[in-house]
Amino acid sequence: MDRAWWKEAVVYQIYPRSFKDSNGDGIGDLNGITEKMDYLKELGIDVIWLSPVYESPNDDNGYDISNYRGIMKDFGTMEDYDRMLAAAHERGIRIVMDLVVNHTSDEHPWFIESRRSKDNPYRDYYIWREGKDGKEPNNWGSCFSGPAWEYDSTTDMYYLHLFSKKQPDLNWDNPKVRDEVFDMMDWWCRKGIDGFRMDVISMISKVPGLPDGTPGANGFGDFGPYVCNGPHVHEYLQEMNRRVLSRYDLLTVGECSGVTVEEAKKYASLDGKELNMVFQFEHMDLDGGESFKWNDKKIDLVELKKVLTKWQVSLMGKAWNSLYWCNHDQPRMISRLGDDSDACRELSAKMLATCLHMMQGTPYVYQGEELGMTNVPFESLEDFRDIESINAYHELVEQNHVLDGETMLRYLRYKSRDNARTPVQWDDTENAGFTTGTPWIMVNPNYKKINAKEQMSRADSVFHYYQKLISLRHEMDIIVYGDYELLLPEDPAVYAYTRSLGEEKLLILCNFSREEQKVDLPASCKEENPEVLIANYKDPSLERETLRPYEAVVYYYKK
């Protein structure tokens with residue numbers, strides 16, 4: 001076993017704006033995180049991945065950075081940051097920063113200079129092009145609706161922005177840009193942070209010539225083939241590794257849109273030349289969640305098993321997996337893949353957690369996932385704060401008339417990123433104990449029944465189930481390092497797989513349905529008499545022949 005602390009760790013993602021407000025302004029902040037550090041210690045996590053807290057005009061909730069070495073005023077000061085970092089380290093919790101370097105804010109000093117003139121020293125920090133036939137340089141559409149180019153009258157040219165027009169893309173082909181980025185990363189490492197989650201890092205190298213893409217439903221060309229996993233991305237990441245990452249003991253994970261298994265083996269190769277692991281999105285795209293997300297389709301379990309198994313088996317011994325259901329860009333998984341009804345919510349939350357945490361890879365828990373937080377009953381467009389959701393509504397309903405307003409609102413309630421961004425539900429007092437002020441986004445009205453205080457007081461809660469899953473991973477090498485094998489690949493309701501290491505074996509059974517399911521296991525899984533390692537019903541059967549609604553059981557065998 002090629003051991004590493006980041007393989008054995010469980011990461012907890014904090015979206016600071018929605019985690020805990022310490023000063024009553026309705027916005028979560030760094031002091032709020034410090035205040036809840038003992039809660040995270042009790043849960044048992046090893047690492048906090050902190051979504052961006054840098055200075056930002058906040059066009060895309062902090063993913064548009066105007067100063068990489070400053071803290072957004074909403075979140076506090078650098079002194080508050082240092083205090084939070086020290087509080088985490090005192091408890092043995094590491095801090096991973098969100099690194100957003102595909103683009104900056106248009107209010108970053110580099111871009112302010114870049115747009116002044118064609119011969120400005122900062123001009124080539126960004127991607128500028130002449131227009132074509134009085135229009136944009138190519139037909140690419142941005143991820144947040146509209147074209148991926150913005151006209152700038154100062155120099156009569158366009159700049160590229162794959163996201164919001166306030167997020168101009170950096171030109172990574174310019175060695176000065178790479179020098180600036182690596183210097184900034186080194187500054188944070190010297191401060192004592194423990195790693196980086198790298199935002200859309202697979203997009204930093206664009207194909208020369210920036211050719212037109214195949215037009216999609218919105219009329220714009222798809223930039224994916226010319227941007228994702230581009231020609232120099234591995235070269236640039238290896239340079240980053242040589243100059244910064246290899247000099248510290250870090251966890252590094254790349255958000256890699258469009259990544260394939262073969263590409264992932266390069267990004268996250270066990271030779272350590274680039275990153276520790278990547279986030280892939282194939283399982284999130286099974287309901288159109290990444291390509292065209294605005295629908296209410298359900299993920300097909302047979303397809304889900306096929307995708308997750310491909311990643312488990314293909315990376316085994318070659319690269320490392322990251323495991324996640326939820327993050328700040330995805331709706332709540334319990335509402336998407338489980339069952340958020342009162343009768344089944346906790347069972348399905350525990351089942352989903354079991355299925356994921358028993359796989360090989362580093363698990364990521366998104367804030368509130370450990371409580372079984374659900375999607376939110378947003379009533380109107382005014383309830384939303386997410387730029388992607390709001391722009392999509394305007395584009396699909398008002399401009400292109402593709403959908404009617406009520407249908408689009410239904411899709412937003414199901415898929416909007418804002419489902420994950422409502423405040424963490426701490427207790428049953430006003431605003432779920434998140435703030436004494438007016439929250440920046442609505443609190444899910446179910447906070448009186450779903451909240452941390454209630455769950456921590458009850459032994460059979462989702463919180464305590466997560467706590468047990470995390471402690472099992474810390475105790476048992478087989479959960480971290482064991483080989484994975486899928487069983488019953490065509491079963492439409494049951495996810496069954498084994499993990500094996502030396503003389504030990506685990507059998508994981510998860511029922512993804514509201515009905516009891518017969519389980520037709522191979523003989524090798526029926527012979528021995530196992531012990532139950534963890535289960536979401538109080539009285540799990542040793543027979544292994546049927547599963548109750550949303551039942552999850554992990555059996556342990558030793559030869």
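A: Let's begin with the term itself. On a 1 Å grid over the protein atoms alone, a cavity is a set of points where a 1.4 Å probe fits but cannot get out, and a residue belongs to the lining if it has an atom within 4 Å of a point. The grid points are joined across faces, edges and corners, and a volume is the space filled by probe spheres set on the points. Rolling a probe the size of a water molecule over the atoms shows where empty space is left.

This is a predicted model, in which local features need pLDDT of at least 70 and side-chain atom pairs count only at pLDDT 80 or more, while totals for chains, interfaces and linings use all residues. Residues are numbered from 1 along each chain as its sequence is written, and side-chain values use heavy atoms, with hydrogens and water left out.

With that rule, the model has 3 cavities of 30 Å³ or more. The largest cavity holds about 120 Å³ of space. Its lining has 14 residues, and Q280, L308, N321, S322 and L323 lie nearest the centre. Two elements each give two or more residues to this lining: α10 (301-315) and β12 (322-323). Such names come from DSSP runs, with helices (H or I, at least four residues) and strands (E, at least two) numbered from the N terminus. Helix α10 gives the most, with 4 residues.

What classes of residue make up the lining of the largest cavity? There are 9 nonpolar residues, 5 polar and no charged. Here Ala, Val, Leu, Ile, Met, Phe, Trp, Tyr, Cys and Pro count as nonpolar, Asp, Glu, Lys and Arg as charged, and the others, Gly among them, as polar.

Now for the second largest cavity, with about 100 Å³ of space. Its lining includes W325, C326, R332, E369, M373 and Y466. The elements giving two or more residues to it are α11 (333-336) and α12 (345-357), and α12 gives the most, with 3 residues. By class, this lining has 9 nonpolar, 1 polar and 2 charged residues.

One of those lining residues, M373, leads us to P423, which touches M373 as well as S18, F434, P439, I441, M442 and V443, leaving aside residues up to four places away in sequence. A contact of this kind means heavy atoms within 4.5 Å. P423 is found in the loop between α14 (405-415) and α15 (452-456). P423 counts as buried because its relative accessible area is 0%, where buried means under 20%, exposed over 50%, and partly exposed in between (1.4 Å probe, protein chains only). Along the sequence P423 and D21 are 402 residues apart, but their C-alpha atoms are 9.3 Å apart in space.

A nonpolar core is a set of buried Ala, Val, Leu, Ile, Met, Phe, Trp, Tyr and Cys residues joined through side-chain atoms within 4.5 Å. The largest such core has 151 residues, and Y81, M185, F196 and Y495 have the most contacts inside it. A second, separate core has 16 residues, including W149, L210, F223 and I387.

Conventions
1 Å grid on protein atoms, 1.4 Å probe; cavity = no way out; pocket = protein on both sides within 12 Å on 5 of 7 lines; lining within 4 Å.
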